[in-house]
Protein chains: 4
Amino acid sequence: MADVAVLGASGYAGAIAASLIWRHPFFELKHVTARSESGALLDEIHPRTRVPLVLEDWDADEQGEVDAALVCWPHGVSAPAVAALRERGVRVVDLSADFRLRDPAVYEDWYGRHGAPELFGAGVYGLPELYRESIAGADLVANPGCYPTAALLALAPLARAGAIADVVIDAKSGVSGAGRSPSQTTHYVSADENMTPYKVERHRHTPEIEQELAALGAALPVTFTPHLVPLAQGELVSCYVTPARELGEADVTGLYHEAYADEPWVEIRRGPPGVLEVRETNYCRISAHFDNRTGRVLVFSAIDNLWKGAASQAVQNLNLMFARDESEGLT
Amino acid sequence: MADVAVLGASGYAGAIAASLIWRHPFFELKHVTARSESGALLDEIHPRTRVPLVLEDWDADEQGEVDAALVCWPHGVSAPAVAALRERGVRVVDLSADFRLRDPAVYEDWYGRHGAPELFGAGVYGLPELYRESIAGADLVANPGCYPTAALLALAPLARAGAIADVVIDAKSGVSGAGRSPSQTTHYVSADENMTPYKVERHRHTPEIEQELAALGAALPVTFTPHLVPLAQGELVSCYVTPARELGEADVTGLYHEAYADEPWVEIRRGPPGVLEVRETNYCRISAHFDNRTGRVLVFSAIDNLWKGAASQAVQNLNLMFARDESEGLT
Amino acid sequence: MADVAVLGASGYAGAIAASLIWRHPFFELKHVTARSESGALLDEIHPRTRVPLVLEDWDADEQGEVDAALVCWPHGVSAPAVAALRERGVRVVDLSADFRLRDPAVYEDWYGRHGAPELFGAGVYGLPELYRESIAGADLVANPGCYPTAALLALAPLARAGAIADVVIDAKSGVSGAGRSPSQTTHYVSADENMTPYKVERHRHTPEIEQELAALGAALPVTFTPHLVPLAQGELVSCYVTPARELGEADVTGLYHEAYADEPWVEIRRGPPGVLEVRETNYCRISAHFDNRTGRVLVFSAIDNLWKGAASQAVQNLNLMFARDESEGLT
Amino acid sequence: MADVAVLGASGYAGAIAASLIWRHPFFELKHVTARSESGALLDEIHPRTRVPLVLEDWDADEQGEVDAALVCWPHGVSAPAVAALRERGVRVVDLSADFRLRDPAVYEDWYGRHGAPELFGAGVYGLPELYRESIAGADLVANPGCYPTAALLALAPLARAGAIADVVIDAKSGVSGAGRSPSQTTHYVSADENMTPYKVERHRHTPEIEQELAALGAALPVTFTPHLVPLAQGELVSCYVTPARELGEADVTGLYHEAYADEPWVEIRRGPPGVLEVRETNYCRISAHFDNRTGRVLVFSAIDNLWKGAASQAVQNLNLMFARDESEGLT
């Protein structure tokens, strides 16, 4: 057994993370914290969790006496909390962007000043399908963004094969991706029966996708545009790849089956995926197509943005860090 | 031509009211005001209005130089603005609750202190199907609440016939009824795929319904429970009436056809109404049923809460106040 | 271990039932059948189940070699299949209406000719919170309808206390309640942004509710009206009770806490429930209110119509029939 | 005044077309036809139309005695009806694909045998913003598909400037785009909370887009992928253009403002459009962006698939054919 604290458990991803740890056979949920709703019961705020713990104010002395922590805070405020936890030897999965990037200048460009520069770059990028071995030995894992999770799983087989000359990523996410803070954007009347591109040219997941594609052998600027669609949870990423070399349908199919044959949480299908098929699961469902007319490769990838795109992937990482079965508590 | 100001045009009902006046053959939209978004163009905030006017800060001297005003502010803050407008001789339709009730004690019970006690009771209750003649000569009209509009049109024929011994009103409204201010309740992720009763036993439309039923001859306490349902606009009111005397299917049908045969905006149908059938219209669609098994009368009434339940009914009232065709600008 | 067949696994409730049995620690899913989609894999038709079994044509010889069966067929066609299974000694939970009613004349009135008259009345009514002991020894359990489940759990404490003089039940259900067969009613464009009463005065769950209320001591005709609301899964039942004797808030609260204190799947809350709070669970969440103004008791009850209203309650019954922990495989 | 028949008025586009003609100052709606629901009133089937005409069986002798017809039938069955109408001298706007393509081999490839080969190619492509003059003199206008409408308006300024080297079109449509026939795809429970690509590599609007882009100067195979999203009406097209020559932000902005400055139904905006902004209007709302990082041009285009993508554009065309103001009856 290992004791776990979930920081930021009043947000959507934090609440699911807390719920997964609460029911986990190995981990024990010791603390849940919230910045503005402390004092309330988690299951009053998020009834579906059915976790009857009181949300506490974050205090390193109080909640630092655990073996591991999932930090579900926004970038910027996350780094100092992670630093405090690491000082106590707590193993951390950080769900913010603070430890995902490896170039400090890129971080500063897209996010501003880092909150714990001494730890910058100390995290392992927590996409198990790419970095399983490094995660297993890590003390600090940077849980990927939701869009990078779906996009990288969609593109990794092609990137590793040196087959990407150019790529357009058109992504669509449900409203929970915008977070739990009420705003005009997330108001039911604004989002319902609507859809719209957002953060055109400047979504912060862009450098993260580029960094990891480069690490896989495809160093190129990507065109990435997210869209808001009227559903609560679910994310679909449509990738349009101009191949770097001649490919056929069989090559494409082969690459994906080979890459993911043994992956417990990636499902390769012939037909394109729907987000409902992976709702409230840790699965990423992918279809890859070679278009004879245009010579392009089309890859579609669906995840639940709050699960594989955040909370359940964090637990998958925690399992690996503690040498447990990667899927424990996720089925 | 008559010049009109719409106060509170950044809210949902206010924006629709402004849009209707903007396209009205007789009225001319001179001013639109907002409390917190002044300076912006109305059609930036509400693109569907396509009204390219700048939202102004409310100032009685500025916007008081009009012939009429639609006041779309919340109760409490509405009354003083109405008073300022009336002092200048401006004819007003007030969409708040401030002038709907006729008993000051009841107002204070449900809403607290009134903002312009000298004007209390000066308004005519603006349900044209019941008070058409009084509205025609009025300077101040209190536009009914959305639930009272649907409920009273549903129950008036029975009330006038002395046929109501008891009534349960189960009402369901889309999320726009909760207003445009973002909150956890109106967050897409909270409202989507959800439905729940709210303000059980204490919704402020209760005394308004009781007052008007009493005026129609049915003085009784009503059981009224609103529910929030996952759609943007639309309201359905299901009324379960215990009859005060013996009735049959033919009696019920007769009462409703007689009451509404000549009403331009009430549609009586055999089958129960759906809210989509009246979406973005001034119609109220009603079906009345006599249940042989239980002896109850069931009446279902559907409106668009922002149109017949607020903005378009306000324009209907304004038409009457200026001796125009009641339906002008609404078809 | 006990072998189980799920008949009608291509429907919504059947697919969930199959999925629950597939993951159940004690039961083993041996067969899944479908009438029109046999030959397909269940998880192709219902990807969320992730049950890789082939849907078979129903054949008593083939699928009758099991210990138990969940029959998820419509009334009428269900009874003969149940009879064939019972002949082989298979223990059955039938999710149709064929074995719920105890008066054959009432069945014929509401449903027409029964498909296995020799078995009529042989089923135990499968609402565990009311009939736990009888279910434990039963070979044939009639799983309750979704509306009766929510309504009876809402009303049982008052009915048993002799406190119901009259009741109006206003029920709201998501679209999955209309079944998986495509129709104009279930078309997205018809149901989206809409809500409407349906089967006014004549929904077939009425006699079932009346039968069970009578058994609890409240023999009276109920007014029951279902409404279709735009969400996939979830059911809310609003009950308006005219008390048969004087009650206060404390009496009402006391009755509900006493009735359900030890029930694993009934949650009593102060505030009214939302259907999202019980989505994809076996929970029924209830709030009961005494309205001082009118003297009425208001009870709100929320379930997932496909879970507690069908599939998971069927598994709860099966657990009881096999002397397993009632909650096994449901948490 | 001119008499008009609407063939196929029971479908979504047909019902809106009928409703627009019914309220049109110049055209008079004489006939509405339906293939399977004849005998019913149009406003029973589509209550929002409030068109109290009886749907008739199609009979060229009966409904051919009009000045114009809008044919809202599927491709294949549309052509023979159009031919029969043209023989009687009736001016026709055909909403199917039967007269959109100019190369019979391409038609046969994508649609199969044509139903009136003698008329093949006789239609003018009815995108007023591109072909206003030809439409004005035409007897047969082929109303564009919904995706081509949005895509071509998005791409025309770049295509005419010879600035398109390559383009990816990622399109998203509400469920009404799949038509009114009930199916598993359009079932509420399938579409709700879901989104998925469909007809990958083989949507029939592809050759139509390519034909018209070529006519504008951009002869190239396009990558076009539609997606189904959970809303009733609305279509968003995201275009990712690799420029054929060096461009900057100012060039892009300039091209779009120049192209559409005088267009009554095209709105150019800085920020990306939402489909709700054009719901139930004839507007196409576009934003164009130059991405400095990648050198790509991004263009987003939103329409209502049933209005500008079908019915209201058909009326816009009919206005032009009868030398009326292009916007008559559409505001």
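Which residues point one way from E10(B), and which the other way? Point 1 takes this up, after a word on conventions. This is a predicted model, in which local features need pLDDT of at least 70, side-chain atom pairs count only at pLDDT 80 or more, and totals for chains, interfaces and linings use all residues. Residues are numbered from 1 along each chain as its sequence is written, chains are lettered from A and ligands numbered from 1 in the order in which they are written, and side-chain values use heavy atoms, with hydrogens and water left out.

1. B:Thr223, B:Thr225 and B:His227 point one way from E10(B). B:Phe224, B:Pro226 and B:Leu228 point the other way. In a regular strand the side chains alternate between the two faces of the sheet. Strands (E, at least two residues) and helices (H or I, at least four) are DSSP runs, numbered from the N terminus.

2. Buried means under 20% relative accessible area, exposed over 50%, and partly exposed in between (1.4 Å probe, protein chains only).

3. Two strands pair if DSSP finds at least two bridges between them. E10(B) pairs with strand E8 of chain B (residues 164-173) in the parallel sense, over 6 bridges. There, B:Ser173 stands opposite B:Leu228. Strand E9 of chain B (residues 196-197) runs antiparallel to E10(B), with 2 bridges. B:Pro197 stands opposite B:His227.

4. Now the rings. Rings of Phe, Tyr and Trp (its six-membered ring) pair if their centres lie within 6.5 Å; planes under 30 degrees apart count as stacked, over 60 as edge-to-face and the rest as tilted. The count over all chains is 38 aromatic pairs. In one, A:Phe26 and A:Phe27 have ring centres 5.1 Å apart and planes at 75°, so the pair is edge-to-face. A:Phe26 is buried at 14% relative accessible area, and A:Phe27 is buried at 2%. With A:Phe322, these two residues form one aromatic cluster.

5. C:Tyr107 and C:Phe120 are also edge-to-face, at 5.8 Å centre to centre and 75° between the planes. C:Tyr107 lies in helix H5 (residues 104-111) of chain C and C:Phe120 in the loop between H5 and strand E6 (124-125), so the pair ties together parts 13 residues apart in sequence. C:Tyr107 is buried, at 1%. C:Phe120 is buried too, at 18%.

6. A charge sits over a ring if NZ of Lys or CZ of Arg is within 6 Å of the ring centre and within 35 degrees of the ring normal. The charged end of D:Arg91 sits over the ring of D:Phe322, 3.9 Å from its centre. A:Arg35 lies over the face of A:Trp73, at 6.0 Å from the ring centre.
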